[in-house]
Structure formats: structure tokens, C-alpha cells
Amino acid sequence: MESQVRGGTRWKRFAVVMVPSVAATAAIGVALAQGALAASFSVSGQSFKVTADRLDGVGFSQYGAIDQGYTLKGEKTAHPVAVSAFKSAKITNMCQSVVTPDIPLIGSVSLNLKAGGGSTPVEAENLYIDVEDLQANATFRNIDIGVAAGDATKGPGMKGGKEQANPYGFAQQADSATLTDVKQTAWATTAGTFKLSGLKMSLSRGVKECY
């Protein structure tokens with residue numbers, strides 16, 4: 001079954017602001033020893049945008065959750081997200097951006113990461129993306145819609161740890177999924193392994209996002 005869905009820079013202060021945004025992207029090739037993630041973390045006060053020409057995933061599941069985190073002023077907050085999980089995924093021509101606003105004497109600063117633009121795509125294992133907004137063309141193979149999240153067996157399973165998600169809540173799963181022309185806003189990404197070929201990172205003044 002197939003389903004289609006259409007000058008005097010204050011560098012110390014700058015570093016304090018930027019480091020959480022880098023950590024939140026979780027896309028700089030950090031490999032975790034365990035196959036399935038049991039840990040969770042408080043998300044930063046910055047969401048990030050991702051685009052990709054194509055994502056080919058095997059073992060897909062998706063369920064609702066709540067990400068606990070902070071605003072940039074340090075206040076606690078929470079974000080409802082849809083967690084998209086893949087046992088494995090290949091991502092072609094990936095761009096990821098996060099904007100840090102209101103840095104003294106500078107203004108906004110944009111961090112951009114690009115990878116998988118050549119013949120070797122980005123590769124991920126046990127990938128979880130906490131999505132706030134998604135636009136793509138998608139094809140799901142052997143999809144089940146309405147399965148209880150804790151009973152979804154085609155994907156890598158729920159993250160566990162401190163994750164706030166109802167195992168009896170709505171979920172969907174599929175043997176595989178292909179997404180093209182991907183545009184998404186997310187609060188967190190975690191993976192067992194994340195291999196980025198041709199990685200390029202750049203910082204620039206102003207708002208320069210992937211889309």
C-alpha cells in the first residue's frame with residue numbers, strides 16, 4: 001500500500017548564546033554508543049529549520065510528544081511535537097539553519113550546516129526528529145494509521161527516558177518512507193549515529209535560513 005502526502009564583539013557572550021543552538025541541532029556527527037536512545041534533554045529556546053532534496057527512510061513511525069525546554073531568557077516552556085522516527089535514513093542535500101537573535105553589537109547571527117550534497121548522502125541510524133512543522137511530498141509503504149504509539153513495531157520504538165509521550169496515544173507506522181522537497185521546523189534531533197558527508201558549517205550576520 002502506498003500513501004502520498006503532498007568591531008567590539010563580546011565573544012564570550014556570543015559563545016554562551018550560540019552553543020545551545022549548536023547542541024540542539026544534534027547534527028554535527030556525534031555518534032552515540034547505544035543503538036536506541038534512552039536519554040532525553042531539555043531543548044534550547046531556538047527551533048531550527050531543515051531542508052532536503054530527498055529522505056529515504058526504513059522502519060518509520062510517528063507519534064505525538066511534548067518537548068520540555070527553555071526560552072532564550074531562561075524561562076521554562078514546552079512544545080508539542082510530532083516525533084518522526086526511522087530505523088535508518090539517507091538524506092540528500094541537507095541544509096540546517098538556526099538563527100540567534102539580538103546579540104549585542106551584532107544583531108542576529110545565522111548558523112548554517114550543509115551536508116550530503118555530493119554523491120554520498122547523509123546517513124543516520126535510529127533517527128528521531130521532533131517536528132513542529134513539515135512540508136514535503138511523501139510516499140509511505142505498508143502504512144498503518146491509528147496504531148497505539150507503544151505498539152508501533154515497524155520503527156525504532158519510542159525514545160523513552162524522560163520523554164513525555166503517551167504510549168496509548170495515536171501513532172502511524174510504515175515499512176519505509178520517501179520524502180522529497182522537504183522543509184521542516186524542529187526542536188530536536190537525536191540519532192544513534194549520524195554521518196555527514198561533505199559537512200560545511202558557516203556563521204554569518206543577519207537572518208539566513210535554509211528556507
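Student: Which residues are linked in a network of salt bridges?
Tutor: Asp144, Lys154 and Asp175 are. A salt bridge here is a side-chain nitrogen of Lys or Arg within 4 Å of a carboxyl oxygen of Asp or Glu. This is a predicted model, in which local features need pLDDT of at least 70 and side-chain atom pairs count only at pLDDT 80 or more, while totals for chains, interfaces and linings use all residues. Side-chain values use heavy atoms, with hydrogens and water left out, and residues are numbered from 1 along each chain as its sequence is written.

Student: How far apart are the closest N and O atoms of Asp175 and Lys154?
Tutor: 3.5 Å. The pair links distant parts of the chain, 21 residues apart: Asp175 is in strand β8 (residues 170-190) and Lys154 in the loop between β7 (144-148) and β8. Strands are DSSP runs of E, at least two residues, and helices are runs of H or I, at least four, numbered from the N terminus.

Student: How many salt bridges does the structure hold?
Tutor: Five. One of them joins the side chains of Glu209 and Lys49, at 3.6 Å from N to O. Glu209 is in the segment after β10 (200-205) and Lys49 is in strand β2, 160 residues apart.

Student: And what does Arg54 form a salt bridge with?
Tutor: With Asp56, the closest N and O atoms being 2.8 Å apart. Arg54 is partly exposed at 37%, and Asp56 is partly exposed at 26%.

Student: New topic. Where is Asp67?
Tutor: In strand β2 (residues 48-70). Asp67 is buried yet has no salt bridge.

Student: Which side chain of opposite charge is nearest to Asp67?
Tutor: Lys159, 4.9 Å away. For charge, Lys and Arg count as positive and Asp and Glu as negative; His and the chain ends are not counted.

Student: What does Asp67 touch, not counting residues up to four places away in sequence?
Tutor: Its contacts include Val43, Thr77, His79, Asp130 and Trp187. Contact means heavy atoms within 4.5 Å.

Student: Where does pLDDT stay under 50?
Tutor: Over residues 5-39, for which the model has 62 contacts beyond four places in sequence. pLDDT is the predictor's confidence in each residue, from 0 to 100. The protein chain has a mean of 85, and 81% of its residues reach 70 or more.

Definitions and conventions:
Buried < 20%, exposed > 50% of the residue type's maximum accessible area, 1.4 Å probe, protein only.
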